[in-house]
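Open the model in your viewer and keep the sequence beside it. We will go from stop to stop, selecting as we go.

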Amino acid sequence: MGKAAKDAAYQLAVTPTATKNQALAIIADELDAQQVAILAANQTDLAAARETEMDAAMLDRLTLTPERLTNIAKDVRQVIALADPVGQQFDHKLLENGLSLSKRREPLGVIGVIYEARPNVTIDIAALCLKTGNASILRGGKETFATNQVLVNVIQTGLEKAGLPLASVQYIDKPDRALVSELLTLDDYVDMIIPRGGAGLHKMCKQNSTIP
């Protein structure tokens, strides 16, 4: 997955804004079109969560409704409307010898994201990474396993139809915690780790990651 993501990152870094926006538009449309399948998968996750006696607040974060799905699709369309940061120049200055200096925004490369029981985060991360020309490897919580499987299919449908590599967004689809440790030390391929969760997750990443 790391090798494939790195290869995809090279392509994404030079992908035109129009192509990235096309992929995002297809993802938003697929979220609307696939509501039945997404909500059915979410019900599977909710049934499993209730068996573990998950508290009400966590259950609410895990729950998708037609309205919430519609809002997630709207969020993706809002990302389309954002300016593409890739290649933007800033902090320009002219030296006394006539040399012109400026900073330029470039993609990071491959971003590994570890997050917990919010299925909307899967779409948020994928959309923001695509817009900024970065490949991503996602590892969601086991509580959202069935939902995330369908959401990643939606994302990869958008990638395929837009002619972008499927490895632009990959999902670790096994709940084995050892795979998290493996991701945290994949520094040959992953350029940044983002832990999105509680203090325990942050501490574990700080202690075990060989990646910024």
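The tour visits a helix, then the cores, then some salt bridges.

This is a predicted model: local features need pLDDT of at least 70, side-chain atom pairs count only at pLDDT 80 or more, and totals for chains, interfaces and linings use all residues. Residues are numbered from 1 along each chain as its sequence is written, and side-chain values use heavy atoms, leaving out hydrogens and water.

**Stop 1: helix α3.** Select residues 35–51. Helices here are DSSP runs of H or I, at least four residues, numbered from the N terminus. Now select Q35, I38, L39, A41, N42, D45, L46 and A49, the buried residues of α3. Buried means under 20% relative accessible area, exposed over 50%, and partly exposed in between (1.4 Å probe, protein chains only). Turn to the face away from the buried side: it carries exposed V36 and E51.

**Stop 2: the cores.** Select L31, I38 and I114. Of the 56 residues in the largest nonpolar core, these touch the most other members. Such a core is a set of buried Ala, Val, Leu, Ile, Met, Phe, Trp, Tyr and Cys residues joined through side-chain atoms within 4.5 Å. Apart from it lies another core, of five residues, including M54 and L62.

**Stop 3: salt bridges.** Select R68 and D60. Their side chains meet in a salt bridge (3.0 Å, N to O). The term means a side-chain nitrogen of Lys or Arg within 4 Å of a carboxyl oxygen of Asp or Glu. Finish at D29, D32 and R77, linked in a network of salt bridges.

Note on methods: Helix = DSSP H or I, 4+ residues; strand = E, 2+ residues; numbered from the N terminus. Expected span 1.5 Å × (residues − 1).
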